[in-house]
Amino acid sequence: EDEIPEDHPRYQDLLTRHRIEKGVDKGITHLQGMHAEGRGSAFDYLLGEETIPSANDAERAAAAELLLAERPVLSINGNVAALVPGEMVDLADAVGADLEVNLFNRTPERIAAIASHLREHGAEEVKGLEGDARIPNLDHQRAKVDADGIYAADVVLVPLEDGDRAEALDEMGKTEIVIDLNPLSRSPQVAEVPIVDNIVRAVPNMTEHARELAGSNEDALRTIVDEFDRTKALEAAESRIRNGL
Ligand code: PTJ
């Protein structure tokens, strides 16, 4: 990270890419995570590399949704762990959620590496090591979750999620919050709250909203959730990309 000059016009993007490379080196991020990062980076470029107003609305609604939840869980994969480990710990603190390592390409080594990486960034409890429950209608490894974590959660934040798993979680009746820079991919399409924004901007902004909303009563939070229009938010992101072109 020291080698990237801060005045480089693509500083943030290069920093993000570098973090993913380091994640791969450390055994945290899967090689496929580099492709995911490349796709995300292209969409971010088209969005103007900023949090568009509809994404900010989604981040506020997501914060309200997490504060209202009985059992909120934030899901962590190899890209999330490389890009925003401390930020996810802060968000979990702000909304009273659990952190669960949940991998598409699941191996015990990567689960352990990510869990200790999160602890180095301040996490106390990290779920996902048990893998003692299954998401129905998914093949074995990809379906593994903790019985007292994602399996039992009412609201789950699944950033950079694969479409099949997002659909399977949706079928379980979970309220899903998805962060994904591609508004056309299946995960944001099935989410109650689709956040079309870079995770490096989205998560700190959600935490800020959560801290600001922490004193609000249930009715006020419910109103924020109800007023959020997921279809409009997806359309706004798509139109930003098309008009930008
Ligand atoms: O660590 P694992 O084993 O769980 O694997 C994680 C990846 C991300 C490799 C796996 O879930 C995967 O292959 O995901 P996809 O299908 O490539 O989807 C990733 C989505 O995230 C794509 O739509 C990207 O545009 C988007 N994306 C990538 N980087 C970012 C992003 N969205 C927000 N912020 C980013 N920084």
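This report walks through a predicted model of a protein chain with a ligand.

## Ground rules

Local features need pLDDT of at least 70 and side-chain atom pairs count only at pLDDT 80 or more, while totals for chains, interfaces and linings use all residues. Numbering runs from 1 along each chain as its sequence is written, and side-chain values use heavy atoms, with hydrogens and water left out.

## The overall fold

The protein chain has 12 helices and 8 strands; these are DSSP runs, with helices (H or I) of at least four residues and strands (E) of at least two, numbered from the N terminus. Its radius of gyration is 17 Å, close to the 18 Å from the globule rule for 245 residues, so the chain is as compact as a globular protein of that length. That radius is taken over C-alpha atoms, and the rule is 2.2 Å times the number of residues to the power 0.38.

## Who surrounds the ligand

There are 20 residues around the ligand, and Arg39, Gly78, Phe104, Arg110 and Asp180 come nearest. (A residue is near if one of its heavy atoms lies within 4 Å.) By type, the shell splits into 7 nonpolar, 9 polar and 4 charged residues, where Asp, Glu, Lys and Arg count as charged and Gly is among the polar ones.

Helix H2 (32-47) and helix H4 (78-83) are the elements giving two or more residues to this shell. H2 gives the most, with 5 residues.

## Polar contacts and cover

Now for some polar contacts, meaning pairs of N or O atoms within 3.5 Å. Phenylalanine 104 has a polar backbone atom 2.7 Å from an oxygen atom of the ligand. Aspartate 180 uses a polar side-chain atom, 2.8 Å from a ligand oxygen. For leucine 181, a backbone N or O atom is 3.2 Å from a ligand nitrogen.

On its own the ligand has 750 Å² of accessible area, and the protein covers 93% of that (Shrake-Rupley method, 1.4 Å probe).

Notes. A polar contact is a pair of N or O atoms within 3.5 Å; within protein, one must be able to donate a hydrogen and the other to accept it, and residues adjacent in sequence count only if both atoms are side-chain atoms.
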